[in-house]
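Student: I have a new structure open. Please show me how to read its features.

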Amino acid sequence: MPEHLGTKDGDIQVLCPGKKNIAGMTDLNLPLQDRLNREADDKPQHYHGGTAFRLGDRVQQIRNNPHRGDTGVFNGSSGTITAVDLEAHQLTVTFTDGAAYPFTDLDELVHAYALIVHRSQGSEYPYVIVPLISSAGMPLLQRNLLYTAVTRARKGVMFIGQTEAVERAVANNRTQRRNTALTHRITHADQPAVPPPRPQTPTGQLAWD
């Protein structure tokens, strides 16, 4: 795709319906890391939970941490590992500013060569690749999810996988029902609260506390 479009790897984001299976975020990040940021002597790395965090890796923050860096790092922020200090046991991720991560805090990061569609909401990329296979299952093959993935791309989008999976996603406009009290709150928002009735003292009798 970079050769076909005349662009660089960093302009392309893979967006997956889910985390698991061969078209999922977890399984795709490893071969993408090996293809786009191969292990080398001049690229220090640290293994955390069986995952190699390597100089030059794309990563994403998965929880809010207002104390990280100068201004905090928040869920959904994507950046690049720009330093790995094996002696100080920490690495640096550059978002807008650099933020240091002790090796013990790497649970806050995931690789971001491939992301699930839900984690891409609010972001834009020049080009997007969407892997779709039928084994992803109906809960993940939904029209609104497909729409979100396509609208993340500014210039172009490519589907890789099975035509049947794309057709199933387009045909499936069912979404999981969410039970909230929002309708009740909106309906009653402008209605003044009615104070409870005050107890009445019977006429001609004394009221005892």
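Predicted model: local features only at pLDDT ≥ 70, side-chain atom pairs only at ≥ 80, totals over all residues.

Student: What is a pocket, and what volume does the largest pocket have?

Tutor: On a 1 Å grid over the protein atoms alone, a pocket is an open set of points where a 1.4 Å probe fits, with protein on both sides within 12 Å along at least five of seven lines. Lining residues have an atom within 4 Å of a point. A volume is the space filled by probe spheres set on the points, which are joined across faces, edges and corners. Here the largest pocket has about 460 Å³.

Student: Which residues lie nearest the centre of the largest pocket?

Tutor: Thr26, Asn29, Thr51, Ala52 and His111 do, out of 19 lining residues. Helix α2 gives the largest share, six residues. Helices (H or I, at least four residues) and strands (E, at least two) are DSSP runs, numbered from the N terminus.

Student: Which residues lie nearest the centre of the second largest pocket?

Tutor: Ile12, Val14, Leu32, Ile129 and Ile160. The volume of the second largest pocket is about 380 Å³. Again α2 supplies the largest share of the lining, four residues.

Student: Is Gln60 buried or exposed?

Tutor: Buried means under 20% relative accessible area, exposed over 50%, partly exposed in between (1.4 Å probe, protein chains only). Gln60 counts as buried because its relative accessibility is 1%. Gln60 sits in strand β4, residues 58–61.

Student: With which side chain does the side chain of Gln60 make a polar contact?

Tutor: A polar contact is a pair of N or O atoms within 3.5 Å; within protein, one must be able to donate a hydrogen and the other to accept it, and residues adjacent in sequence count only if both atoms are side-chain atoms. The partner of Gln60 is Arg119, at 2.6 Å.

Student: Which residues are buried in helix α3?

Tutor: Leu145, Leu146, Thr148 and Ala149 are buried in α3, residues 143–150. They lie on the same side of α3, because they cover an arc of only 160 degrees around the axis. The arc is that of the directions from the helix axis to the C-beta atoms. Their cover includes β1, β10, β11 and α4.

How values were computed: Residues numbered from 1 in each chain as written. Heavy atoms only, no water. Contact = heavy atoms within 4.5 Å.
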